[in-house]
Structure formats: C-alpha cells, structure tokens
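Reader: Hi! Could you walk me through this one before I start setting up my own work?
Author: Happy to, here it is.

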Amino acid sequence: MAAARRRAAVGLGLAGAACALLGVCLLLAGPAIVKEQVVKNVRIDPSSISFGMWKDIPVPFYLSVHLFEVLNPNEVLEGGKPILTQRGPYVYREFRYKTNITFHDNDTVSYVEYRKLFFQPDLSNGTEDEYIVMPNILMLGASVMMENLPNFVKLLLSGALAGLKQEAFMNRTVGDILWGYDDPLLDTINTIVPGLIPFKGKFGMLIGFNNSNSGLFTVYTGMKNISRVHMVDSWNGLKKVNYWRSTGCNMINGTAGEMWPPFMSPTSLEFYSPDACRSMTLVYEQSGEFKGVPTYRFVAPKTLFANGTDYPPNEGFCPCRQSGIQNVSTCRLNAPMFISHPHFYNADPSLVNAVEGLHPSKEHHALFLDVHPMTGVPMNCSIRLQLNQYLKQVSGIIQTGKIKPVVLPLLWFAESGYIEGSVLKQFYTSLVLIPSILDYLQYIFLGLGVPLIISAAVLMMMSQRSADEKSPRDPATPSTPPQFSETTPLLQDASTPCQDAAEA
C-alpha cells in the first residue's frame, strides 16, 4: 500500500509540475504569442487575414439618405419660418474597392479607393422618381456668393434668372436632386461671373459620391512599426491641406477611417475625411460587445463642430456661426454650405428653433464606431452627417424675396455597415477565440498544477507515516525480559520443564 501511494504521489507530482510549468510558460509567453498573431494578421500585407477586408470591403455597407422637404416655400419667401418634413430614407448598397495598390520602400502603400452605389428599393421608404420641394441650391447659393458684388452684376443675374424661369424653390425628383440634372443656370452664372462655379455638366448634391474615388491615399503598412499601421502619410501627395486658417485644422491626422492600429486604449481615435475636408477626432464612450467580439465605442464630442468662441482650437475653421455647424465653403467652391450632425444634434438650440420639423436625438442622429481594441478593426459603425445651406435675402436679386437668414437643412446621410457571416466567423476564430483560449489555458494549467502538487505532497506524507508504523520488530518476543536465578542453568534440555511439573 505504501509503495502504491508513493508511486501515485510521484505521478501526481510530475503531472502537477508539468501543468504548473506549462501554465507559467503560457503566462509569460502567451501575451507575446497573441501579440505576434495580431501583428501578423492586421498589418497591410497580402498574407494577412485583414488584407482582403482592407482591399475590398466584403461586408454589406449602405448609404441611407434623408431629404428635407420644404412644406411652405411661399411663406419662407415672405420671411416666414421654414417648415420641414423628413423624406426617405433612400437606401443605396455601397461597394468599395481599392486600385493602383503600390507598396513603397518606406513602409507605406498607396492606393485609390472607388465607391459605387446601387439603389435598394426594398430597403427604402420611397423611390428616386418621387418629387420633393427643396431650395434651388444652385441659384440661392450663387446669390449669397454674389452678395458683395456691384449691384449691376446682381441685377444682371436677376434678369437672367427671370429669363430662365428660375425660382427660389424647385420641385424635382429625388434622383435629380441627388445624382444631378442639367441646369442652364450653370453656364449663365459662369458667363456673368467667370469662374464663380468652376465646373460643368450636371449639378447634384451627391454627384461626387457615386462612381468616384476619395483621392490618392498613402498609408503605413505596419511591416516595420505596427503602431503606425493604417496611419495616413499623405493624401493626394499632401501632408496637410490648405482649406483652413490654422496649421492644426489643416493637419491630416489619423487613418483613412477604415481601420486603426491594434492594441487601442480607451481614449480617442482620429481619421481624415475627404468629404468633410478635415481630420476628425472621436472619443471613447463605453466598452461593449458586438456578436461576441469585445469593442470600444467611439463617438463625436460636442466640440467636433463647436465654433471658435466655445472651443478655441476650432477657430481655424471659421468664419463661424453658432456652435454645432461647420462652415465648409472653403472646400466647396466657396458656396455657403455647412455640415453638422443630423437634425442639429448637439448644436446650439437656436439652429433647431429657426425651423420647424427637427427632432434631434442621440439614438437616431449620433455617429459612432464600435472597434475591436486588440486589432483596431471596426465591427459596427454608422457615420451620420447633415448638409445645410445658408439662405438669405440678397438685395438686387429679386428671386430671393424676403428670406430671413437661416441655416437650412437639405439632407442627412448615414454610411453604415457591420461585419457578419463568414468574415465575422474567420475574424472571431483567428483573432478573438484562439487568443482567448490561450489566455484561459494559462490559468487552467496553473489551477490544475497547484492542487496536483499539493495532492502529491499529501500522499507522500501518508506513505511515509505508514512506513514508520510498520518498521521491523519480532512480535513473539515478550515485552518484559525473563528473570533468571543464580542456580538456573544457562542451558537445559527440553525435557526438564516436563519433569519439574510431574514432580510437583
């Protein structure tokens, strides 16, 4: 029994030592193994798991557009408050793919990303053939742009507008408003004021979104320094833009808005948006999960579109109006255009109160990014922005009537997408499940090793105690030694005791 216990103790001890050693090895080497796998699979390298996702976005991505219809155009022309109603959404399936991918020796790669949109009637609330009453964006925009020109120039434009039967509000189809229509006003304006609106062809609010590219991006691959992966080195050959009035506002910071460096901290992230003509900083809001994948949620701070008075670093984006809108005229042909959150969410209340029909809410109008912090890959996102136009009466141009100055919402859109299907399964298995298993295994082995070693020690002690109790001793030997007399012979034959007994 003791030998068996000793053998069991030795076996348990060896097993416990092996588990403990394995646990310690995983504890020390596990994070390095996980980090190596993450680094290997998120850098911009044709052999990485994320390269295919980066090159051709394989998950459904949608552009949802809401238009604001003006219900009382005649009253607005007489100085009344605009009454708006939201139409849509008009939903488009968005496909993005990169071309001209060129790797450079300085750890960067250049590419041009194209975007194609396809209308989705089953996901939309309306069709592209519907008519909507909206401001005549081209005419009213040109009027404000010409406000400081001599009166005779404005009168000349007003006469031309009358000849072309142009009015302050137009009734056009959704398709025309978004994707363009032929407008003779373009040629007329450029004839009166050459170069005022330097483009030809159709005019549409989102005409630059479809079958177009976002410019030439050069970003870091992360092959030499993983902390720089996806960070923008230049855009269209520029290290900074020249739209704004300060160096800080002109800086091209962060990534191109598709992925971020791995091992993120819950602080903030940055990206450069060609559509907004600027870099944007989002801040950490909360941790969560998306279909089993841990995420950090990043949202826009209230300072994103604050004016220079409320937030001095934004002074470079001025001239400013109320907080909550950003003047983008300098990168939109000097047209009086502003961007904001939808329904003026997080904006000065005066902007909401200047019109009727807006209902800002965080749930429907705040933008967000849910990013897997270990890899920097977005799991779920919705980028929501609103396009607004500054309208007012312009003396000399009778078509502007008595319109009171107002920043009028034209449309808002959301670019949304999330990882699903086989892409999600591959991502989850390779970059979430396996690292998690390695993380758990180290504690499992340590948890097994300690009790096994303790059990082995207990068995060994029990075995030793049993051996001590069974040490060699003659059980027939009396405990008290025999008493001998002086006459008792040292040797006597075997019959003597019997004879003594008989005589007695």
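Author: What follows is a short tour, from the whole chain down to single residues, of a predicted model.

Reader: Great. How many helices and strands does the protein chain have?
Author: The protein chain has twelve helices and 15 strands.

Reader: And how much of the chain counts as buried?
Author: Of its 504 residues, 47% count as buried. On contacts, taking those with a separation of 6 or more, 67% are between residues 24 or more positions apart.

Reader: Nice. How do helix H5 and helix H7 cross?
Author: Helix H5 covers residues 151-163 and helix H7 covers residues 185-192; their axes come within 11 Å and cross at roughly 160 degrees. Because the cut-off for roughly antiparallel is an angle over 145 degrees, H5 counts as roughly antiparallel to H7. The crossing of H5 past H7 is right-handed.

Reader: Which residues make that contact?
Author: From H5 there are Val 153, Leu 156, Leu 157, Ala 160 and Leu 161, and from H7 there are Leu 185, Thr 188, Ile 189 and Ile 192.

Reader: What's the split by class in the contact of H5 with H7?
Author: Eight of the residues are nonpolar, one is polar and none is charged.

Reader: Switching topic: where is Lys 392?
Author: Lys 392 sits in the loop that links strand E14 (377-391) to strand E15 (406-418).

Reader: Is that lysine, Lys 392, buried or exposed?
Author: Lys 392 counts as buried, because its relative accessibility is 18% and the cut-off for buried is under 20%.

Reader: What does the side chain of Lys 392 have a polar contact with?
Author: With the side chain of Glu 147, at 2.8 Å. Setting aside neighbours within four places in sequence, the residues in contact with Lys 392 are Val 144, Glu 147, Thr 400, Ile 403, Lys 404 and Pro 405.

Reader: Where do Pro 89 and Pro 319 sit?
Author: Pro 89 is in strand E2, residues 84-103, whereas Pro 319 is in the loop between E10 and E11.

Reader: What about Ala 306, where is that?
Author: Ala 306 is in the loop between strand E10 (293-299) and strand E11 (325-327). Its relative accessibility is 11%, so Ala 306 counts as buried.

Reader: Which residues is Ala 306 in contact with, leaving aside neighbours within four places in sequence?
Author: Those are Tyr 311, Asn 314, Ser 323 and Gly 324. As for Arg 321, the C-alpha atoms of Ala 306 and Arg 321 are 9.3 Å apart in space, and the two are 15 residues apart in sequence.

Reader: Last one: which residues other than glycine have a positive phi?
Author: Among them are Lys 165, with phi of about 55 degrees, and Phe 263, with phi near 60 degrees. Lys 165 is in the loop between H5 and strand E5 (169-173), while Phe 263 is in the loop between helix H8 (247-250) and strand E8 (268-273).

Reader: And how exposed are Lys 165 and Phe 263?
Author: Lys 165 has a relative accessible area of 74%, so it is exposed. Phe 263 is at 38% relative accessibility and counts as partly exposed.

How values were computed:
Residues are numbered from 1 along each chain as its sequence is written. This is a predicted model: local features need pLDDT of at least 70, side-chain atom pairs count only at pLDDT 80 or more; totals for chains, interfaces and linings use all residues. Side-chain values use heavy atoms; hydrogens and water are left out. Helices (H or I, at least four residues) and strands (E, at least two) are DSSP runs, numbered from the N terminus. Buried means under 20% relative accessible area, exposed over 50%, partly exposed in between (1.4 Å probe, protein chains only). A polar contact is a pair of N or O atoms within 3.5 Å; within protein, one must be able to donate a hydrogen and the other to accept it, and residues adjacent in sequence count only if both atoms are side-chain atoms. Contact means heavy atoms within 4.5 Å. Axes are lines fitted to C-alpha atoms, for helices over the stretch in contact, and angles run from 0 to 180 degrees between N-to-C directions. Angles under 35 degrees count as roughly parallel, over 145 as roughly antiparallel, 65 to 115 as roughly perpendicular and the rest as oblique. A crossing is left-handed if the near helix is turned anticlockwise from the far one by less than a right angle, and right-handed if clockwise. Ala, Val, Leu, Ile, Met, Phe, Trp, Tyr, Cys and Pro count as nonpolar, Asp, Glu, Lys and Arg as charged, and the others, Gly among them, as polar.
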